[in-house]
Amino acid sequence: MIDQGLERRSAAVTEMPDELRHDVRLLGKLLGQVLAEQGGEDLLADVERLRKAVIAARRGEISADVITEMVAGWEIERAVAVARAFTCYFHLANLAEEHYRIRTLRERDAEGRVQRESLAQAVHELGHERVSELLEGLELHPVLTAHPTEARRRAVVTAIQRISGQLTEYNAPGRGASERAESKRRMLEEIDLLWRTAQLRSTKLDPLDEVRTAMAAFDETLFRMVPQVYRSLDTALDERSGTRPPLARPFIRYGSWIGGDRDGNPNVTSKVTRETIQIQSEHVLTALETACARIARTLTASAQFAPCSPELKAALATAVDAHPEVVSELATRSPREPHRQWLLFVAARIAATRRRDLDLAYRTPAELLADLRLTQESLAASAPRQAYGELQHLIWQVETFGFHLAELEVRQHSQVHAAALAELRAGGELSERTEEVLATIRVIGWIQERYGVTACSRYVVSFTRSAEDIAAVYELARHALGDRAPVLDVVPLFESGQDLANSPGVLTGMLDIPEVRRRLADTGRRMEIMLGYSDSAKELGPAAATLRLYEAQEALTAWAAEHDVELRMFHGRGGALGRGGGPANRAVLAQAPGSVAGRFKVTEQGEVIFARYGHIAIARRHLEQVANAVLLASSPTVGARTATAAERFRGMAEQVATASEQAYRALTEAPGFPEWFGLVSPLEELGSLRLGSRPARRGLGAPRSLDDLRAIPWVFAWAQTRVNLPGWYGLGTGLAAVDNLDELRAAYAEWPLFNVMLDNAEMSLAKTDRSIAKRYLALGGREDFAQQVLEEYDRTRELVLRVTGHTRLLENRKVLSRAVQLRDPYVDALSHLQLRALRALRTETLSDQDRDRLSTLLLLSVNGVAAGLQNTG
């Protein structure tokens, strides 16, 4: 099917590694077989016709009008089937690339050299002593969020995972012909099922669905991967890792907004938050029990060869007295194996904790850690490998995840708090929304009583404008629980350009709030603030937002030094380039000097969760890269170099920021722009995709301004049009305002922030297709807007290439360039199908039946384009 003719595809194909080419061709051939079996040879022929046509159009051999006519000539049902075929292909192509990436990582690891951007490389560059010092304060804090950018259904994801397992079996070394034939048969069976699985959700997700989806990433990847990262660092510090006490301390802390973020999402209630933490606890306790029981069953060391310590012997005796029926049975099964007996007893206690059997349960993770360390200390004297091997992994897992898995954070809009306080101060009957605000605080108190303060204490306030917005939460807590108010770390979220500029003043005001002063005293003067990338980019444009965020970080770092505060900045970055996305490790190195200081907290959103945490090898590589960057960014040498570059290019950056923002606002704030955007993109239809539990906009009806529209559908819809405007618009004008190409090139070479900004824009430009974008833009009936967008695209593309010195987009990023070039024609096919549906829905008078069928075609194409472009939301 779609694999045919790949050899004839430009330079991108010649760069395609043989292993990747093999997997793409194999999966494509199997999909073609399924299409022929299920849809007939004529369906396969139509898919091939469209595939060949879009490739020919890219070569300039035919006009795109030919494709428009072809697609328009199909019955809607046939167009839907073709859209499904290309969407399935993208899922399989993504799978093949993931397998190639995993193989590449393993091959590099097998070479025995220090890998670039690894923890070992950080130790090699900074030295053991410096890394050991940084470890004391090192913290990497990813926060999972449920923002609706994952277009795939969970059923589709699991089907792809099953195909992945069979592809692994098929390619495994040493497999016999019959074994490979069976794996191929199973792959064909699973691809057949993928084809038959509905790509679109029939019901809207609720918040608990999102919680359970995130739990899959924990169950399948995170729990097992985290100790591997620690082991990697421990080995880099001393190759005797596993035979001595660990040098690496746990530095990863996961957080979650899923089930806690209620800003603009009425579906997240106090009841949902309560159930969320219970689901999280069930998963982590199950994982800990399983791991502990597994280690216990394998720990068959006899007392003759690994005698237990007096302390462990006393603990076993105490356990026999307190729980004779449990311990006696274990002793019968494991005679003269005291360490095994003890760990089996510990596993039984973890199970009791999960069941809420208070007679046997652990009250806190600290109690469990004490029992595990008792085992470790006993083994260390005679069997150090048993003490510091798998048992150490379990200890690291308890230290990282506790009994709550991830810290649940609550977020709410400042205006909701203001309205609730106004009601409470006025007296009288309270509205349902105010009652819910108070109930949320009571649930936080309940979570802290049951799971500890670390399970839920951060309360993020969206659109923080003043210290009063922070004080409001503490006042609400007193209304909710009086003297029993929970421990709260109220986190201001600065999102707009003006709020970023005012942020130091807000923090100064916060120092006058009694509850803030008490928390500073309790935490060693630690304070957290959050920076919003999505809304600032939507308001200011990508270039101005990037530069204003950097300025804000510089100012906040200076404020923290002046007020003797250890400030942690929480980066609210989205998955898409228009929302602060891009390689996380490069983003860390581009932060303002002093703003990292060994700590990095960042949101992991939507599709990014599965892209980064869908496989252990990829997840481990991602976390090692980010940890490497955090360590390097905390080095005085790197900080000094970045500070020098920032100071040198400050004036130039101001010119770029000012001019780019003016160009961006001239378009997005023009009369009629929101309505035009709604016509040229599938914005209105995105709500029907049922991507998540959260509404796409803050009000009802069509957006009257960009303020009514959330940043996620703003970016997602632009990606569908192949314009990707939020990732680059205004940058060209900003670069043109600097009448010194050499200075721009020097900034690109010397200043990490400027380098990352241009590289991300280049990636976004590479995923833009001007000819197809032009067809979308024409749907709005505003030639002036369309011309404005296309002229800025041409300007930005030309100047980015001139500044970077590249002859083509992504010239220096071969892997990404290959992926984009190989996908582009197939994304084109789906775009033409989407254009057919969108054009008819916007311009034709349709029956309800035809409108429904065209909407299905549109949504299927949206799903497929998202799979093809990948970082779309």
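Q: Is R526 buried or exposed in this predicted model?
A: The relative accessible area of R526 is 53%. Exposed means over 50%. R526 is therefore exposed.

Q: Which residue does R526 meet in a salt bridge?
A: Side chains of opposite charge can pair when their charged atoms come close. For R526, the N to O distance is 3.5 Å. The cut-off is 4 Å, so the contact counts as a salt bridge. The partner is E566.

Q: How many residues apart in sequence are R526 and E566?
A: R526 belongs to strand β7, residues 526-532. E566 belongs to strand β8, residues 566-572.

Q: How does E566 count by relative accessibility: buried, exposed or partly exposed?
A: Its relative accessibility is 33%. Buried requires under 20% and exposed requires over 50%, so a value in between is partly exposed. E566 is partly exposed.

Q: Which residue forms a salt bridge with E528?
A: The side chains meet at 2.7 Å, N to O. E528 is in strand β7, and its partner is in strand β9, residues 599-605. The two lie 73 residues apart, and the pair links distant parts of the chain. Both residues are buried. The partner of E528 is K601.

Q: Which residues are linked with E528 and K601 in a network of salt bridges?
A: E528 and K601 pair with each other directly. They also belong to a network of salt bridges.

Q: In which helix do R620 and E624 lie?
A: These two form a salt bridge, with the closest N and O atoms 3.4 Å apart. They are 4 residues apart, about one turn of the helix. R620 is partly exposed at 31%, whereas E624 is buried at 7%. Both lie in helix α27, residues 616-633.

Q: Which strands stand at the edges of the sheet?
A: The open sheet has 9 strands, with parallel pairing, in the order β3-β2-β1-β9-β8-β7-β6-β5-β4. Each edge strand has a single partner strand, so one side of each is left without a neighbour in the sheet. The edge strands are β3 (407-408) and β4 (410-413).

Q: What is the bridge partner of Q412 in β5?
A: β4 and β5 pair in the parallel sense over 4 bridges. Strand β5 covers residues 458-462. The bridge partner of Q412 is V461.

Q: How many salt bridges does the count come to?
A: The rule takes a side-chain nitrogen of Lys or Arg within 4 Å of a carboxyl oxygen of Asp or Glu. By this rule the count is 69.

Key
Residues numbered from 1 in each chain as written. Predicted model: local features only at pLDDT ≥ 70, side-chain atom pairs only at ≥ 80, totals over all residues. Heavy atoms only, no water. Pairing = 2+ DSSP bridges. Buried < 20%, exposed > 50% of the residue type's maximum accessible area, 1.4 Å probe, protein only.
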